[in-house]
Structure formats: structure tokens, C-alpha cells
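Thanks for coming, everyone. Please look at the screen while I walk you through this one.

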Amino acid sequence: MSQDNQEILTVIYKNLYRTGCVSLVGTALILSVAFSPQKTLAQSAYPLQWEENLPGVWQAVVNQAGPHNFVDLAAKKPRAKAIKALGQTSFPLEREDIYAEIRDGQTYLRLPLQKGEQIYGLGLNFKSIQQTGQVKRLHMDHYGNSDNGRTHAPVPFYVSSRGYGVFINSTQYIDIYVGSAVRKDNPNAPTPRDRNTDPNWSANPFSDAIEILIPAEQAELIVFEGNTPLKAVQRFNLFFGGGVIPPKWGLGFWHRTPTLYGDQDVMQEIAEFEKNNFPLDVIGLEPGWHSKSYPGTFEWDSERFPEPSAFIRKAENKQVKINLWCNPYLSPESTMYNALNPLSASHTVWGGIVPDLNLEAVRTIYGEHLMEHEVGIGVSGFKIDEVDGYDHWLWPDVATFPSGVAASQMRQTYGLQFMNLVTNLYRQRNTRTYGLVRANNAGGVALPYVLYNDQYAHQDFITGLINSSFCGVLWVPEVRSSKNAEEWLRRMQTSCFSPMAMINAWSSGTQPWSFPEVYEACQEVAFLRMQLLPYLYSTFAQYYFEGIPPFRAMVLEDDYRQPPATLAGELDDTSNPYQEAIRKENTSQYMMGDNLMVAPLFAGEKEREVILPSGRWYDFYTGELVGNGEVINVAPPINQIPLFVKNGGIIPMMDPIRQTSEWTEDTALEIRVYGTAPGTFTLYDDDGASFDFEQGEYTTKLLDAENGTGKLIDLESNGPWTYGEINWVFMSKN
Ligand code: GAL
């Protein structure tokens, strides 16, 4: 069939589809098959029926969503009221620009992309923020140093700078070409240029499409309208139940002790934190608490921990929670083994079985065991390791699971499923947990876990933190060790401005005072985090109620404009004549909550550029005006991580307590107000530990500042309120 005939057929098909003549479409398809063996666009296109089940959330299936999809696995239901509160919207794309087809046993999807449109998200990336021009296979894995889709949270969701989001509700490995490929039938196709003579020749000529291939004859597409990128993210987060509010202790300081530490070593470590006056709320135990590890038993080692309950009580007496490292693969020596062995996968991991978490019986047996040995005796939570896998030791895609779910789909979701199992145990006890995980995915927003990995590039850690805001996950730039004191301090500073302030000394044995020359500065930033907890806790409440990520990319701020990508790639005369576009983007600056902007410095840097969003911005420490919508250069003293507050920004702070157990009734508040514009901030409080807030047992008050005076206005008063005396501090003169 000629190209012209194909195009005519496509037009006929599109018109039939638009007018709703779906049955005629079938005829057109058969006709086209009769004309030619070659496939045409119209031939197998699947008509998408969009349903707006929640305001601003449209769902359409190709065939059906498919088994073991993210929506079915989600821990929580959509927060319909909160989604509605985001306002009236209309479908953000031209419906006929979205194309679906089942071909060769796979689902092909095509979505439009406009010139200059930026795409963010598509999982936890560590090098780039903008994804336009990239090619990925979204595949759960330990991050391998390239933003190719293999990562700890390969979430199939993207956000557009035009203010909408697209989610593919499928747990398959998904291939995605983000404006990187140009079709012949692209009406906006770029004109070929002569590389010999044209300086505007580009290795990435404009493509008007995002093309997606799903290795299954089914998928569901969900489009989230936002008006702004942040609102699209909010809708996505709320669709999966909204973010988490960690227990208050979870936001204090964490320290993970070395492998094979016993109870006395741990108590000694706790005592040293006290002696050195360093914040400490949680101690994490690494391999060594289990009687066997890799695979583990989930039973305590009787030599290192002869009396686990007594040990946990002792730590509790010091106001310290205990978190346990684990991976879910079970040792033949675990008392659960015999019951779970027939209910596990065909393959083992390090000789341990892989229980099939789809089976109710598995969840019951595993859950009861964890309740008896860990959760029930007061363990505060887990670090769920190695659920991301690595092809050479995890179960392979040829493995089988008794539930019949494909091994590849289990790979994408095992972390989610284990987090869900554990979180439900804590729910049964009406106690919040907060822990770590190495594999998350869509829907993980409602689960109280923070991602981490074994990479250690500090800059990448911060880019990861920024990217976590596009995919409904939390990320910790943990501190392990450092080459020198400066690096140690810089890492401590960023960890304190993240969802979890933590040293992971599992192999290094480091402590906050490992570099004495910067110890005071480390102490200072750790206590600053503690002071900021009223602000941070309220910021997490926003995550829960409104789906706003607590740590987020600058491009999610309305008053920030991403510096434009440099579209032309420069020719490379040494290795790659097709060098891709060089992008200048902001991979090291982010927001913590609505008012505070963090611009970390890395080892070796004495100064840095900071891109200020429009509006007046102020230095957090001094309250001085630093600029308005411009690029500034800052060179603060080494003990300060550069922090900026927007005009009218309110930052509620408390005294520098060492442990969150001191955050009790009548906590004095210092409410800092920056700039000259009027501002408000909703201060949130609850019991800090239970799920009662989900039943409305919390208190919110509006902090309202204008012209040098501040007021506290009651909003909702159905739960605890831990604050007493209030001192308003107006930080800025102009
Ligand atoms: C790694 C993990 C580390 C540490 C270690 C213990 O997989 O990423 O943080 O827990 O295991 O063996």
C-alpha cells in the first residue's frame, strides 16, 4: 500500500474514531489488512475511552489494566476530596493526539510533545532533571550510574512543564522514547540539515511524540491535569492516597551501627551520642542482629542479643528507637522456612527462598512471625534492603511464582509489597513506622519509607533528592564516610536537609565526631534540623493532605523558570559525532517545604551560583535581602549550608532539642518571618506517633504575619497541640 493510501486510511480511521463509529473502525481495520501485509498506523489502533473518575484524573485502558498493576496493588485509595479541592479542569491534551495500538503482542502508546515542552520524572534519576530527549527502559534495579531507567524507583509517571502528568499503570518493563525518535508521519517533522555546513544541525532533531512500548497486550493510561506541574504531581500523589506523615521521632537524627554489633555495643554508641551531645532518635542495626544473614532468619542472634525485648526497652529508656536491617529472602534456618518454602518462587537468592507476597497465606505467616519477634517487642521499623535486585543475584525473569505473577512484574513490585506487609503490622498496633527501602514504585507515596542506595556521589545524591519529587518517593542522601573533614561536613549538611538525617556507618564505623575539626559544625546543622522540626512536620502534613512533595525540584515552583536547555549539541571530534544535546539544568538546588530553598555546597567548593525564583529572597541566617529573580553567587562560612527564604516566608522553629521525646507540651516556638510581604503558614500538630490523625485527630493553626505583627488563628482543633509560648521574630528590614 502506498504512503498516500496509508495516510487516507489513517484519516478515515481518525474521523470514524472521533465520531464514535467504533464498529466501523473494525471494518476499516479489516480492509487495511486486506490491502497490504504491511502494518499501518490505522490498522491496529485501539480506541481509547477516557473516563474522568475523579476530577482532573482521566483513565483509559488498552484492553484492560492487566494483572498485578500498580492501582490494584496500591496501599491506599485515592483521596477524592483532596483531589477535588485542586479545582476544575479539562482534559489537558488533544485526545486524538494520543494513540494506542496492540501489535506483536505488545502495547504501543504515543503521546504528544510540543516544541520547548520539558518532561520530568520517569523514575528516580540521579544525573538529570529534564528527561526530554532520553530513552529508558523502566526496570527495577540498583542504580548503575546512568539515567537509563534502571533505578530504585522506576515509576512510569512523567510530568510536563505544561502542567499535566501521565502515568502508565503497568508493572511491566516499559520502554519509553521521550521525544528522541522522529516518525515519518510526524506533521511537525524537522527539516533535515546538512551537518557539513549548518551549525544548527542537531543529533536530536525535534520530535513531537513520547513513544512507549509495553511488553503486554494491555495497559492503562492515566492522565493527571494540573494547570501547573506541581498540581499534576499533587493529583498523582493524592491518587495513590497522599504522602506520609512520619512519626515525630522519624524526623530526628538516625545512626546505623556497624555490622555484627551486639546489644552492649549499641548501648555504648547511644551513650556516646549522649556524652557528645549529638542528636539521636533512632539506631539502625545492620546485619548481625539476625541469627543468620543473607539469607536471614528474622530471629535474633542469641549471643549478640540474648534478650531482645530487654535491649529494646533499654534503648527506649534512652529515648532511642531501634530499626532493623533486613532483606526478605529467608534462610532454611528460619522457623518460617518450612511453611513458606512451598509458597515461594522457583529460584532462591543467596540460598534463601523468595516468599510469594501475593499469597494471603504468605502474608499471614510472615506477618505473624515479624509481629512475634520484632514488631510486637517494640522494634520501630525496618530497612528493607536488596529488594531492587541486581541481575546476577536476584531471581531471574525466567523464575516462576506460585501465584502465577510474572517474575519481571514481581521484580518491579517486591519492595512495594514487602513495605505494605510491614506497614500493615504497624497499623494493627496503631503505631506509625518510618524506615528505609531500596526499591519503591508507583503507589509508594503512601508508604512510610525512604529510598537509599550504595552509590555515593554527593552531587548525584542531591539530584536524586530533587527527582524524588516527581515520582512520589522519598530519598535520603545518607552519610557513610568521607575523604576529608570538609566532605564529611558537606554531606552531613545535606543529610540534615532531607527526609531522613542519617549516618549509615554499617561498614565504616564512622560517628558524627569522626572528623573532630568539623564536629561543632556537624552538631550545629544537626541541631538546626531539630529546631526546624515544627516547619518540617507541617511540611510533611502537606504531603499527606495535599500531595505536595516535602523536598522538591525548583521546576515545580511557579515562580521559578528552568534555564532553557541548550538544544544544539556540539560536535565532538574525538569520539562521538552524534553527541547529544548538552543541557544546562539545575541539579543541585531544591525546596524544603513552601518557604525554604536549599542550595548545598559540595566538598571543594567555596562558593556557588544560586538561581533565585522571581520575587524577593532572603538569607535564612541573617534575614538580609539577597536578590530577586536573578542568579547570585554565595560564599557562606563553612558551617552554613546556603538556605534562602521567600518574601513573606514563615519558618516556625523550636529550641534545639537533642531528641524528639523532648518535644512535648508547651514547647516554645520561635516563628521567623522573612521579607516584607504578608505571609501565612499552616502549622500542623498531632500525637506524633499513632494513626489517629487519619480520623481527624490533629490541630492546625494559621500563622499570619503582616507589617511586623503576627497572629495565630485557630483552624482545626481536634487533637494534640504541643506548643506553648510563641515568639515572633521579624528577620528582615527590607
Ligand atoms: C547493602 C546496603 C548497605 C548495608 C549493607 C549491609 O546492601 O545498601 O546500606 O545495609 O547492605 O550488608
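**Rings, a ligand and a buried aspartate**

Let me start with Arg-427, which lies over the face of Phe-691, 4.1 Å from the ring centre. The rule for a charge over a ring: NZ of Lys or CZ of Arg within 6 Å of the ring centre and within 35 degrees of the ring normal. Arg-95 gives another case, with its charged end over the ring of Phe-91, 4.4 Å from the centre.

Some ground rules. This is a predicted model, where local features need pLDDT of at least 70 and side-chain atom pairs count only at pLDDT 80 or more, while totals for chains, interfaces and linings use all residues. Residues are numbered from 1 along each chain as its sequence is written, and side-chain values use heavy atoms, leaving out hydrogens and water.

Now, rings with rings. How many aromatic pairs does the structure hold? The count is 54. To pair, rings of Phe, Tyr and Trp (its six-membered ring) need centres within 6.5 Å; planes under 30 degrees apart are stacked, over 60 edge-to-face, and the rest tilted.

Take Tyr-329 and Trp-395. Their ring centres are 6.4 Å apart and their planes stand at 75 degrees, so this pair is edge-to-face. The two partners come from distant parts of the chain, 66 residues apart. Tyr-329 is in the loop between β15 (321-326) and α8 (337-340). Trp-395 is in the loop between β16 (381-384) and α10 (407-428). Those labels are DSSP runs numbered from the N terminus: helices are H or I, at least four residues, and strands are E, at least two.

Are these two buried or exposed? Tyr-329 is buried, at 0% relative accessibility. Trp-395 is buried as well, at 1%. Buried means under 20% relative accessible area, exposed over 50%, partly exposed in between, using a 1.4 Å probe and protein chains only.

Compare Tyr-544 and Phe-545. This pair is edge-to-face, with 4.8 Å between centres and 80 degrees between planes. Tyr-544 is buried at 6%, whereas Phe-545 is partly exposed at 22%.

Back to Tyr-329 and Trp-395. Both belong to one aromatic cluster, together with Tyr-294, Trp-325, Trp-350, Trp-393, Phe-401 and Tyr-414.

Tyr-294 leads us to the ligand. Among the residues around the ligand are Tyr-294, Trp-325, Lys-383, Arg-438 and Trp-506. Near here means a heavy atom within 4 Å. A polar side-chain atom of Tyr-294 lies 2.7 Å from a ligand oxygen. For Lys-383, a side-chain N or O atom is 2.7 Å from an oxygen of the ligand. For Arg-438, that distance is 2.8 Å. Alone, the ligand exposes 310 Å², and the protein buries 94% of that. These areas come from the Shrake-Rupley method with a 1.4 Å probe; for residues, only the protein chains shown count as cover.

Next, cysteines. Cys-522 is buried, at 0%.

Last stop, Asp-686. This residue lies in the loop between β31 (679-685) and β32 (699-706). Asp-686 is buried, at 1%. Its side chain makes a polar contact with the side chain of Arg-432, at 3.0 Å. A polar contact is a pair of N or O atoms within 3.5 Å; within protein, one must be able to donate a hydrogen and the other to accept it, and residues adjacent in sequence count only if both atoms are side-chain atoms. The backbone nitrogen of Gly-688 also lies 2.7 Å from a polar side-chain atom of Asp-686.
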